[in-house]
Amino acid sequence: MRTDDLIKALDADARSTAMPLGSAWWMSAGVATVIAAVVFWLAIGPRTDIATAMHTMRFLAKFVFTMALAVSAFALIRALSTPGASTGRAAAWMIAAPLLVIVAVVLELLSVPAADWGRRLVGSNLVVCLTFIPLIGIGPLAIFLAVLRYGAPTRPVLAGTVAGLLAGGLAATFYAAHCFDDSPLFVATWYTIAIAILAALGALGGRLFVRW
Amino acid sequence: MTGKDEAELSRLMRAAIAGDERAYADFLHRTAALVRGFIRRKIVQGGVDPEDVVQETLLAIHVKRHTWRQDLAVLPWVYAIARFKLIDAFRRRGRRIEIEIDEIAETFAEPEAETVSERDINRALDGLPPAQRSVVSSVSVEGCSIGETAAKFGISETAVRVSLHRGLATIAKRFGAKQFGRAKQLKRE
């Protein structure tokens, strides 16, 4: 088939339309949030003392970390799935969540006696954390990988990793409402590991499924 | 690769998205010429047929045109896709070379086979379900319109459009598949 012939076929198909990728991302964010919420409510639900916990800095700070991750990953993945789009600024924003966590960890180390550090780091929920963040995030991750496939990421493995971070940020936001361990020491350790599991799955998914 | 190209191509693409088929054909022809120049400059060693990469790029541009945002420049988008498809082609060539070394005797025995340029897209086309293949061939190689194709096969124009769309999407997907060039079966959409 000559290239001119191919162009005839493509042109004859010009009227077929598809949802713009940007809309697909917003839709997937909505669907993924609903899925994460349903799994969260069915599996663990919020902690019983959430009303009082809302008044503590440590509890609220968890949502700042996880939402900063989700929002920055969402911006980056949109750029990564569009060929030729500049990713530099969105990539730079990815430092926000880790930076906030580091600041919180330093403040925690300064305000809590050293004897308490170990107890706060290990907490009482680490198995729950490592189980349920990936469990809440796996559905959203599948959706984000599907949207990546719908898009055109020129670096599929990187894009898949960011999909994992996005799913992780979303899942951790829900999980944070359940967990009694509010210390930044706990969050910095176990949330990070749980989210890294999703990021690794995302990278694998990007490598295996995101082809175009 | 100038500002004039950019302005003209993004104007055509915007018109195409708004439903102007003439503009789309125009866009594709101009883009093909630009991509051809780009690919030929990039391929300094043999082994990859530039025109195969041009065709793969055009198909990808077509099936991924919903990823272009009107506020983005169109040329960086086009070249990013072309570069991706070129790297893909080299990756596949790495695999093929292994095959060719195995069959080196045959290659020497039949030098005339090399003069026939077997387009990748023809193999992808051959892998389509018969109904889609005949519609895609009719509209492309035979140059029939949608209406003529519908009359020829005794099906509705909508059916022709659906088959054409699915056929092109499947070919594009096959180009993106990891095992392209080796896998015999073609996953049906």
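Written out along the sequence, that gives α-α-α-α-α-α-α-α-α-α. Of the 189 residues in chain B, 34% are buried. Buried here means 20 or more other C-beta atoms within 10 Å of the residue's own, exposed means 12 or fewer, partly exposed is what lies in between, and the C-beta atoms are placed from the backbone. Take the contacts in chain B between residues at least 6 apart in sequence, and 60% of them join residues at least 24 apart; a contact needs C-beta atoms, placed from the backbone, within 7 Å.

An unreviewed UniProt entry puts "domain: RNA polymerase sigma factor 70 region 4 type" on residues 120-170 of chain B. UniProt positions follow the numbering used here, feature names are shortened, and annotations may be inferred rather than shown by experiment. Over residues 120-170 of chain B, the chain is 76% helix and 0% strand, with the end C-alpha atoms 14 Å apart.

For the "transmembrane region" feature, UniProt (unreviewed entry) lists several stretches of chain A, among them residues 59-80 and 189-210. Residues 59-80 of chain A are 100% helix and 0% strand, with end C-alpha atoms 32 Å apart. For residues 189-210 of chain A, the figures are 95% helix, 0% strand and 30 Å.

## A helix crossing in chain A

Helix H7 (residues 114-122) and helix H10 (residues 184-209) of chain A have axes that come within 7 Å and cross at roughly 45°. The axes are lines fitted to C-alpha atoms over the stretch in contact, and angles run from 0 to 180 degrees between N-to-C directions. H7(A) and H10(A) are therefore oblique to each other: under 35 degrees would count as roughly parallel, over 145 as roughly antiparallel, 65 to 115 as roughly perpendicular, and the rest is oblique.

On the H7(A) side, the contact uses Trp117(A), Arg120(A) and Leu121(A), while H10(A) brings Leu185(A), Phe186(A) and Thr189(A). By class that is four nonpolar, one polar and one charged residues, with Ala, Val, Leu, Ile, Met, Phe, Trp, Tyr, Cys and Pro counted as nonpolar, Asp, Glu, Lys and Arg as charged, and the others, Gly among them, as polar.

## Where the chains meet

The contact between the chains takes 29 residues from chain A and 41 from chain B. On the chain A side, H1(A) gives the largest share, nine residues. By class, the side of chain A that touches chain B has 15 nonpolar, eight polar and six charged residues.

Helix H1 (residues 3-12) of chain A is mostly covered, with eight of its 10 residues buried, including Leu6(A), Ile7(A) and Leu10(A). What do the buried residues of H1(A) pack against? Their partners are helices of chain B, among them H2 (21-42), H3 (50-63) and H10 (157-176).

## Reading notes

Residues are numbered from 1 along each chain as its sequence is written, while chains are lettered from A and ligands numbered from 1 in the order in which they are written. Because the model is predicted, local features need pLDDT of at least 70 and side-chain atom pairs count only at pLDDT 80 or more, while totals for chains, interfaces and linings use all residues.

Conventions:
Helices (H or I, at least four residues) and strands (E, at least two) are DSSP runs, numbered from the N terminus. Two residues are in contact if their C-beta atoms, placed from the backbone, lie within 7 Å.
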